[in-house]
Amino acid sequence: MAELALLTPGGAPDAAALVLPAVELLPHRVRVLDLDPALLLADPAPVLVLLDATRALVQARTTARTLATMQLGVPVVAVFTEGSLAALDDQWPITDFVLSTSGPAELAVRLARAVTRPAPGSDTPDHTAPTAAPIRAADVVVDESSWSVRAGGETLNLTFKEFELLKFLISHPGRVMTREQLLHEVWGSDYYGGTRTVDVHVRRLRAKLGPERESLISTIRNVGYRFSGAARPPTDPAVME
C-alpha cells in the first residue's frame with residue numbers, strides 16, 4: 001500500500017471518488033488536500049501526488065509549477081477530463097496525466113510507471129550546486145532549503161504563499177514593491193485575482209511576525225510595500241541549527 005496525496009480545490013475528504021473514482025479500487029491510501037503545495041511538507045510524505053486538473057485549470061497549472069520549483073522529488077500525475085485535456089501543453093511540469101474516467105488497471109500501470117520516472121524539476125539535478133544560505137533580518141530567519149521561517153528562535157507556521165511573499169520581500173530590503181509586482185513575482189503572471197490578495201497576505205504575515213516585528217514590512221501609501229530590515233546571511237551558528 002502506497003501513500004498518495006490528491007491536491008484538489010477545497011480538499012473535501014470525499015473528493016477522490018469524484019475526481020478519480022478508480023483510485024478507490026486500488027490498494028493505496030489517498031490523503032486529500034487543498035491546492036496548497038505547502039501541505040505536502042507535513043508527514044506522512046506521499047510517494048506520488050495526484051493533481052486535480054478537472055477544474056480550476058489556471059490554479060492547477062500554477063500548483064504544478066510550484067511543485068516543480070519546490071523539487072520535492074515526488075512524481076506528479078495530473079487528472080484531466082476529456083474537456084480539460086485541451087489545456088495540457090508544455091507549460092505543465094508534470095510526470096504524467098490520466099483521464100478521470102480511467103479504469104483501475106490503466107490507473108495502476110500509469111501510477112507505477114510515474115513512480116519510476118524522474119520527478120518534475122529533477123531531470124538533471126545538479127548535486128554540486130550550493131544550497132541557498134538562509135537570509136536573516138533582525139531576528140527573522142528565512143531558510144529556503146527547509147522551507148521554514150523562524151522569528152526570535154521560534155518557527156512560524158506560514159502558508160506556502162506567506163512564505164514566498166516574505167522570502168521575496170526580505171530578499172529585496174529597502175526596495176518598494178507595488179502590489180502588481182508582488183502579484184506577478186509571488187502568485188505568477190497567470191493569476192487572475194486582485195491586488196487585495198497581497199494586502200490580506202501582508203496582514204497575516206505581520207500578525208504572525210508579532211507586534212515587535214510587524215514594522216519590518218512597511219506600507220507605502222497608494223503604492224505597495226517595502227521590507228525595512230537589512231537582510232543578511234545569518235552569522236550566528238545558533239541561528240543556523
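Predicted model: local features only at pLDDT ≥ 70, side-chain atom pairs only at ≥ 80, totals over all residues.

Reader: How many residues of strand β3 are buried?

Author: Strand β3 covers residues 48–52. Leu48, Leu50 and Asp52 point one way from the strand, while Val49 and Leu51 point the other way, and all are buried. Strand β3 is thus described as mostly covered, and the number of its buried residues is five of five.

Reader: Which residue in β4 stands opposite leucine 51?

Author: Strand β4 spans residues 76–80 and pairs with β3 in the parallel sense over four bridges. Strand β1, residues 3–7, is also joined to β3 by four bridges and runs parallel to β3; there, leucine 6 stands opposite leucine 50. In β4, the residue opposite leucine 51 is alanine 78.

Reader: Are helices α4 and α5 parallel or oblique to each other?

Author: The axes of α4 (residues 160–170) and α5 (residues 179–187) come within 10 Å and cross at roughly 120°. Because of that angle, α4 is classed relative to α5 as oblique.

Reader: How many charged residues does the contact of α4 with α5 have?

Author: From α4, the residues Lys161, Glu164, Leu165, Phe168 and Leu169 meet Leu182, Glu185, Val186 and Trp187 of α5. By class, this contact has six nonpolar residues and no polar ones, and the number of charged residues is three.

Reader: What is the handedness of the crossing of α4 and α5?

Author: The two axes cross at roughly 120°. The handedness of this crossing of α4 and α5 is right-handed.

Notes. Residues numbered from 1 in each chain as written. Heavy atoms only, no water. Axes fitted to C-alpha atoms, helices over the stretch in contact; angles between N-to-C directions. Helix = DSSP H or I, 4+ residues; strand = E, 2+ residues; numbered from the N terminus. Parallel < 35°, antiparallel > 145°, perpendicular 65-115°, else oblique. Left-handed = near helix turned anticlockwise from the far one by under 90°. Contact = heavy atoms within 4.5 Å. Nonpolar A, V, L, I, M, F, W, Y, C, P; charged D, E, K, R; others polar. Buried < 20%, exposed > 50% of the residue type's maximum accessible area, 1.4 Å probe, protein only. Pairing = 2+ DSSP bridges.
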